[in-house]
Amino acid sequence: MAKPILVLKFGTASITTTDGELDELVIEQIARQVALIHKEYDLVIVSSGAVAAGKKFLKNYGGTLNEKKAAASVGNPLLLNTYAKYFIPHGIAIAQSLCERHHFSNRDQFLQLKRTYEELWASNIIPIANENDVVSNLELKFSDNDELATLIAVGFGASQVLFSTSVPGVLDGNGKVITELDTTDKKILLLANKEKSASGLGGMTSKLNFARLANQMGIRVVIFGIRTDNGIIKALEGSTGTLCLPQKSDLSARKKWLASGSLVRGRIQIDAGACKALKDRHSLLAVGIKKVLTGFENGEIIEILDEDNNAVAVAIAKIDSTTLTKDTKVKNLEVAHADNIVLL
């Protein structure tokens with residue numbers, strides 16, 4: 001039988017020291033704990049840290065975009081070699097997987113990525129994924145590796161995602177760990193400290209946002225502190241960190257990909273009647289469109305907003321925005337077929 005898929009995400013702040021160097025003690029503990037669960041799961045490790053590992057080799061590093069790309073090109077092999085150093089004693093091989101946004105927005109490329117991971121798992125090899133910072137286009141890059149981890153988890157049908165942090169979990173106003181969260185309530189985002197770490201892109205807001213998406217797709221999420229003793233093991237057991245509760249999801253793999261992995265190109269606003277039609281699983285017709293907010297072409301992914309500008313669905317457009325603008329009142333003009341619409 002196929003093993004359940006587990007995605008482990010380690011941010012820059014989790015695996016570096018206060019001086020910004022790779023923290024080999026932490027990476028050693030990651031390898032030790034992963035070795036204990038390796039036989040139970042098909043594992044993906046999503047790890048930041050390439051820029052942090054490489055920036056000290058650049059003269060007068062100032063953090064510009066080009067300097068970050070250069071630092072990543074130096075740091076990627078250093079990061080992977082550090083992981084390999086501590087996994088090899090456990091008899092575990094690792095593989096590098098540098099990802100870009102189009103690997104998820106293009107379904108054929110996404111399926112190829114999935115098949116590659118399945119081939120690695122068949123040989124008990126753990127892929128270590130990171131954004132390909134060296135070549136990523138600013139407009140098409142991931143918001144951070146929390147997003148990358150979530151896209152992999154949703155797209156591959158993972159059962160769990162563990163987000164490591166530099167704190168013990170999601171904290172309440174008194175600094176105590178909240179042990180369990182219902183992410184259907186958007187108010188949970190108010191729990192997050194809006195500050196990002198000095199070394200990374202994300203923060204608790206990012207983790208909570210992507211925990212909500214993963215939960216919507218039926219995936220269990222735990223946000224835990226990497227420096228907690230046996231934190232990975234305890235997070236799996238539910239005895240540390242913050243558990244974000246999964247919701248029931250009966251979406252097909254293709255619709256999960258559409259909801260999470262696709263690259264949104266256009267945005268439209270619809271009226272209340274169209275909103276109801278979507279919830280009743282009907283197609284989206286031009287007559288229900290109030291406004292085209294961002295243009296798009298036939299076949300591109302569009303985000304659908306209600307009258308209060310809340311995202312209610314994503315879909316594959318059946319026509320382009322120019323045609324839609326001209327023919328809004330044409331009777332029964334289909335903007336997106338029901339089979340290509342996913343409610344959010």
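Which residues of S12 are buried on one side, and which on the other?

1. The model under discussion is predicted. In strand S12, Ile301, Glu303 and Leu305 lie on one side and Ile302 and Ile304 on the other, and all are buried, so that both faces of the strand are covered. In a regular strand, side chains alternate between the two faces of the sheet.

2. The pairing of S12 involves two strands named here. With strand S9 (residues 264–270), S12 pairs in the parallel sense over 5 bridges. Within this pairing, Val264 has Ile301 of S12 as its bridge partner. Ile301 is also one of the buried residues of S12.

3. With strand S13 (residues 311–316), S12 pairs in the antiparallel sense, again over 5 bridges. Here Leu305 stands opposite Ala311 in S13. The hairpin formed by S12 and S13 has 5 residues between the strands, and Asn309 takes a positive phi near 65° in this hairpin.

4. Helix H11 comprises residues 272–279, and Ala274, Cys275 and Leu278 are buried in it. Viewed down the axis of H11, its buried residues fall within an arc of 105°, and they therefore line one face of the helix. Lys276 and Lys279, on the other side of H11, are exposed.

5. The cover over the buried residues of H11 includes the strands S9, S12 and S13, together with strand S10 (284–285) and strand S15 (341–343).

6. At its start, a side-chain oxygen of Asp271 reaches to within 3.2 Å of the backbone nitrogen of Gly273. Arg281, which follows H11, has a positive phi, near 70°.

7. Rolling a probe the size of a water molecule over the atoms shows where empty space is left. A search of the whole structure finds 2 cavities of 30 Å³ or more. In the largest cavity there is about 50 Å³ of space. The residues that line the largest cavity are Lys3, His38, Tyr41, Asp42, Leu43, Trp121, Asn124, Ile125 and Ile126.

How values were computed:
Residues numbered from 1 in each chain as written. Predicted model: local features only at pLDDT ≥ 70, side-chain atom pairs only at ≥ 80, totals over all residues. Heavy atoms only, no water. Buried < 20%, exposed > 50% of the residue type's maximum accessible area, 1.4 Å probe, protein only. Helix = DSSP H or I, 4+ residues; strand = E, 2+ residues; numbered from the N terminus. Pairing = 2+ DSSP bridges. Arc of directions from axis to C-beta. Contact = heavy atoms within 4.5 Å. Polar contact = N/O pair within 3.5 Å; in protein donor to acceptor, adjacent residues only side chain to side chain. 1 Å grid on protein atoms, 1.4 Å probe; cavity = no way out; pocket = protein on both sides within 12 Å on 5 of 7 lines; lining within 4 Å. Points joined across faces, edges and corners; volume = space filled by probe spheres on them.
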